[in-house]
Amino acid sequence: MFSSGLIERPVSWVALAGFMGTGKSRIGWELSRALALHFVDTDKLITRVVGKSIPEVFAQEGEGYFRACEHEVVGRVTRLEHAVISLGGGTFIQEDNRRCLLERGPVVVLWATPETVYQRTKHSDRPLLRTEDPLERIRTLMDERAPVYQQGTIHVHSDGRPSEEIVEEIIDRLWSWADAQHAWALDHVAHDHAPETAGGGESRASD
């Protein structure tokens with residue numbers, strides 16, 4: 001648990017992952033305000049660093065270049081303190097990124113149905129949805145990525161729910177996670193300071 005002035009919060013760093021259109025940016029911003037933390041959107045950070053929009057990066061440099069930029073940004077945001085990080089839809093899918101993020105702190109995965117994602121993204125210029133049947137593309141990508149997203153720390157559904165309710169659930173779940181981490185740490189401290197058992201003496205006697 002962390003506190004700053006009169007504010008007590010379960011964590012001082014948390015990342016939001018999930019498919020495009022699940023609400024990571026909106027929920028991340030509101031979560032950052034509720035926890036009095038800085039908010040960082042990795043896609044927006046990439047556009048500032050590269051000087052191009054995400055569609056322009058995909059079109060001019062290719063997806064491989066974008067993923068390399070994404071990995072660089074993950075390295076930056078995991079070194080931050082007091083921050084809520086909104087990740088791009090594919091960021092958590094990359095193994096190196098996923099390991100780095102999970103080692104840094106809790107990753108909250110937001111979920112929504114393909115239909116909800118389509119309604120939220122159909123008017124956007126998403127490179128991965130430039131296809132004749134974007135809804136089917138969304139279904140396929142979500143099915144492919146679901147096993148990886150399941151590796152997140154906390155899972156919350158965003159379909160048809162007000163953002164305030166989603167943020168409240170995330171904070172409640174973060175408190176439970178923080179309490180569990182604290183209990184685990186205390187248990188290991190107690191174990192490390194436990195006296196040696198008779199088995200240790202027997203092994204030395206047999207040397």
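**Briefing: Lys-24 and the overall fold**

Of the 207 residues of the protein, 41% count as buried (under 20% relative accessible area with a 1.4 Å probe, protein chains only; exposed is over 50%, and partly exposed lies in between). The model is predicted, so local features need pLDDT of at least 70 and side-chain atom pairs count only at pLDDT 80 or more, while totals for chains, interfaces and linings use all residues. Residues are numbered from 1 along each chain as its sequence is written, and side-chain values use heavy atoms, leaving out hydrogens and water.

**Overall architecture**
- The protein contains 9 helices and 7 strands, taken as DSSP runs (helices H or I, at least four residues; strands E, at least two).
- Among contacts (heavy atoms within 4.5 Å) with a separation of 6 or more, 72% join residues 24 or more positions apart.

**Lys-24**
- Lys-24 lies in helix 1, which spans residues 24-35.
- Lys-24 is buried yet has no salt bridge (a side-chain nitrogen of Lys or Arg within 4 Å of a carboxyl oxygen of Asp or Glu).
- The nearest side chain of opposite charge to Lys-24 is that of Asp-43, 6.9 Å away.
- The Lys-24 side chain reaches the backbone oxygen of Gly-18 at 3.1 Å.
- Not counting residues up to four places away in sequence, Lys-24 touches Leu-16, Ala-17, Gly-18, Phe-19, Ser-86, Leu-87, Gly-88, Gly-89 and Leu-110.

**Cysteines**
- The whole structure has 0 disulfides, by the criterion of cysteine sulfur atoms within 2.5 Å.
- Cys-69 is buried at a relative accessible area of 13%, whereas Cys-100 is partly exposed at 27%.

Technical notes: Lys, Arg positive; Asp, Glu negative; His and termini not counted. Polar contact = N/O pair within 3.5 Å; in protein donor to acceptor, adjacent residues only side chain to side chain.
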